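Here is a set of questions and answers for reading a structure alongside its sequence. Keep both in view while you work through them.

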Amino acid sequence: MKRRLKSVPATPVQSVLLENSPLQAELKPGMCAVAKKHLCHFDEEIRSVFADSIDLDAALCADHPSEKRWDYLLGHASTQRVVAIEAHPAKTNEVSVVIAKKSAALDQLKVHLRPGANVKGWQWLWVASSGIKILKMSSEWRALQRAGIHCVGKVCSKDLPSRQ
């Protein structure tokens, strides 16, 4: 008699990727894909809430060597949503660069995402690698809001998706 194996539920990032996407091979458990130098940008209390991660910058470098690339995708376990993280100096003159990185990431990911993958439900976070130097009432700050990018000094629980 054959034993039926239980299927393991897909992790959040894994579930939005096509089964045959080369990015599947780049997935790591938890926050293992996040470079050690970037771990300091995450509150210690939330580091365990991620089911999977991918170093998107490294994974897409070969196919897009001269293009802008987003840093990481992390799968938030409890909501099964994707959190996109960009660690970058948060200065006024970098706003257009980060917006362009998000746009490029969406274009670069098109061939890797399952049909109907809901990128609108993703949380896009720009983590200030050296303090936020953008005024919250400035046109640059409003441009970030329009682009759906949240600029944070450190990723905390309040920055993560909620069960809505």
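Strands (E, at least two residues) and helices (H or I, at least four) are DSSP runs, numbered from the N terminus, and two strands pair if DSSP finds at least two bridges between them. This is a predicted model, in which local features need pLDDT of at least 70, side-chain atom pairs count only at pLDDT 80 or more, and totals for chains, interfaces and linings use all residues. Residues are numbered from 1 along each chain as its sequence is written, and side-chain values use heavy atoms, with hydrogens and water left out.

Q: Which strands stand at the edges of the open sheet, each with a single partner strand?
A: The open sheet has 6 strands in the order β1-β2-β3-β4-β5-β6, with mixed pairing. Two of these strands have a single partner each, so one side of each is left without a neighbour in the sheet. They are β1 (28-29) and β6.

Q: In which sense do β3 and β4 pair, parallel or antiparallel?
A: Strands of a sheet pair through backbone hydrogen bonds, in one of two senses. β3 and β4 form a hairpin with 4 residues between them, and Q80 in the turn has a positive phi of about 60°. H76 has R81 as its bridge partner in β4, and G75 has V82. Over 5 bridges, the sense of the pairing is antiparallel.

Q: With which residue does the side chain of E86 make a polar contact of 2.7 Å?
A: E86 lies in strand β4 and counts as buried, at 0% relative accessibility. Contact means heavy atoms within 4.5 Å, and beyond its neighbours within four places in sequence E86 is in contact with several residues, including R69, W70 and L125. A polar contact is a pair of N or O atoms within 3.5 Å; within protein, one must be able to donate a hydrogen and the other to accept it, and residues adjacent in sequence count only if both atoms are side-chain atoms. The side-chain partner at 2.7 Å is K101.

Q: What is the angle between the planes of W70 and W124?
A: Rings of Phe, Tyr and Trp (its six-membered ring) pair if their centres lie within 6.5 Å; planes under 30 degrees apart count as stacked, over 60 as edge-to-face and the rest as tilted. By this rule there are 3 aromatic pairs. One of them is W70 and W124, which is edge-to-face with centres 5.0 Å apart and an angle of 80°.

Q: How many residues apart are W70 and W124?
A: W70 is buried at 0% relative accessible area, and W124 counts as buried at 3%. W70 lies in the loop between α3 and β3, and W124 in strand β5, so their pair links distant parts of the chain, with a separation of 54 residues.

Methods:
Buried means under 20% relative accessible area, exposed over 50%, partly exposed in between (1.4 Å probe, protein chains only).
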